[in-house]
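I open this notebook to record what I looked up in one structure. The entries follow in the order of my reading.

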Amino acid sequence: MSDATPIAPHGGALVDLVVSGGDEQALAAEAANLPKLTLGERELSDLEMLATGALSPLTGFQGEGDYHSVLDSMHLQDGVAWSIPVVLGVTDDELHRIGGASSVALLATDGGDPLAVLRVAERFPRDKAKEAVSVYRTDDLEHPGVRALFDAGDQCVAGTVEVLALPAHDDFVNYRLTPAQTREAFRERGWKTVVGFQTRNPIHRAHEYLQKCALEITDGLLVHPLMGATKSDDVPPDVRMRCYEALFDGYYPKDRSMIGIFPAAMRYAGPREAIWHAIARKNYGCTHFIVGRDHAGVGSYYGTYDAQRIFEEFEPDELGITPLMFEHSFFCVKCEGMGSPKTCPHEDEDRVILSGTKVRDMLRNGERPPIEFSRPEVADILIAAMRADG
Ligand SMILES: [Zn+2]
């Protein structure tokens, strides 16, 4: 078949922290006798991303030097671009329990089998006030990312991890491709350029349009829904997946598009998370990445295009992946097609624009939004889910 996609992983090499080749038994035996630390949902997502190389070049939970370097300058100490710290927060109690241990077993649930061993290089205090303002641009506890930060422990333990097993999942197993598997899938399809699309929502026609605009200039499209922790009022993962499948069945070319799962937890850090999402997708083999309006935003904490402007703070070769910036898109009745303020000269009254609140109200009432806004197959899945939800 054809060559690999030309894009190198961030930092140059794809990290793989899962032990193999007979070392598993020794590590499992060692882990059984180590102090144990049970990870929360977010840290478990980070462990999975670290293990598979989605966070290349990171090889473990970050230490104090890199932590402050990322907060201060959006770069690791060695100069590699990096926008969001990946640290393992622990409470004072947990830190006390670990004591002076140089290695700690990481668990998904209390009493479960160890998933990994952390080689503890350092312990350091988490500067939550600084992290909030640097990463989230606010210290408002109403912000879900800030809230999660302040709910986490005040200390961090850092070091490389050696992974015995990836966190177990019983859902969407066919879509859970690691970066190496995703790169292989691109290779099998002969795609040299691939655009990645991050989403934590059902896809309506506006986002379908962005994806297809991008696909016009690339070989392939990776729809890469984030399936780690999200806000409780976001649409549940299983409902979203049914929507993606319906869309793919009816409207996407099979030889040019695929779905994979991005196991990250959502931070809602807007601009900085857009950079982090792009870097991770580069590790999955994407050469291009769609950045829409208010990417990874929440409430009104970020300006509509802040997540696009932040890319200007990096030299293009620092990130490697090419961001594709899009404006708000819609169906215009005068154009008789999809467009954006960039391509449609008409007025708002000619455009099918619905607020999120309006769409939710319609779906809750069992009413399909206009076909210019939502594919009917997607609308029906959302209506049924809301009905089941009461
Ligand atoms: Zn128009």
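**Entry 1: the second largest pocket.** I asked which element gives the most to the lining of the second largest pocket. I found that α6 does, with 4 residues. The model I am reading is a predicted one. I noted a volume of about 450 Å³ for this pocket. Its lining has 27 residues, and the closest to the pocket centre are Arg42, Glu43, Arg126, Ala148 and Ala152. I then listed the elements that give two or more residues to this lining: β1 (36-38), α2 (41-52), β3 (88-90), α5 (128-136) and α6 (144-151). Sorted by class, the lining holds 13 nonpolar, 6 polar and 8 charged residues.

**Entry 2: the chain as a whole.** I looked up the secondary structure and recorded 14 helices and 14 strands in the protein chain. The C-alpha trace spans about 70 × 50 × 45 Å along its principal axes. I noted that 54% of the 390 residues count as buried. The accessible surface comes to about 16,900 Å², and carbon and sulfur atoms account for 48% of it. I also looked at contacts between residues at least 6 apart in sequence, and 73% of these join residues at least 24 apart.

**Entry 3: Ser69.** I located Ser69 in helix α3 (residues 64-73). Is Ser69 buried or exposed? I recorded a relative accessible area of 15% for Ser69, which is under the 20% cut-off, so this residue counts as buried. Leaving aside residues up to four places away in sequence, I found that Ser69 touches Met74, His75, Leu76 and Gln77.

**Entry 4: backbone details.** I checked the peptide bond from Ser56 to Pro57 and found it cis, with omega near 10 degrees. Pro57 lies in the loop between α2 and β2 (60-61).

I next noted Phe172, which has a positive phi of about 55 degrees although it is not a glycine. I placed Phe172 in the loop between β6 (155-163) and α7 (179-189). With a relative accessible area of 17%, Phe172 is buried.

Ala296 is likewise not a glycine, and I recorded a positive phi of about 60 degrees for it. I found Ala296 in the loop between β10 (288-291) and α11 (306-309). Ala296 is buried, and its relative accessible area is 7%.

Note on methods:
Residues are numbered from 1 along each chain as its sequence is written. This is a predicted model: local features need pLDDT of at least 70, side-chain atom pairs count only at pLDDT 80 or more; totals for chains, interfaces and linings use all residues. Side-chain values use heavy atoms; hydrogens and water are left out. On a 1 Å grid over the protein atoms alone, a cavity is a set of points where a 1.4 Å probe fits but cannot get out, and a pocket is an open set with protein on both sides within 12 Å along at least five of seven lines; lining residues have an atom within 4 Å of a point. Grid points are joined across faces, edges and corners, and a volume is the space filled by probe spheres set on the points. Ala, Val, Leu, Ile, Met, Phe, Trp, Tyr, Cys and Pro count as nonpolar, Asp, Glu, Lys and Arg as charged, and the others, Gly among them, as polar. Buried means under 20% relative accessible area, exposed over 50%, partly exposed in between (1.4 Å probe, protein chains only). Contact means heavy atoms within 4.5 Å. Accessible areas come from the Shrake-Rupley method with a 1.4 Å probe; for residues, only the protein chains shown count as cover.
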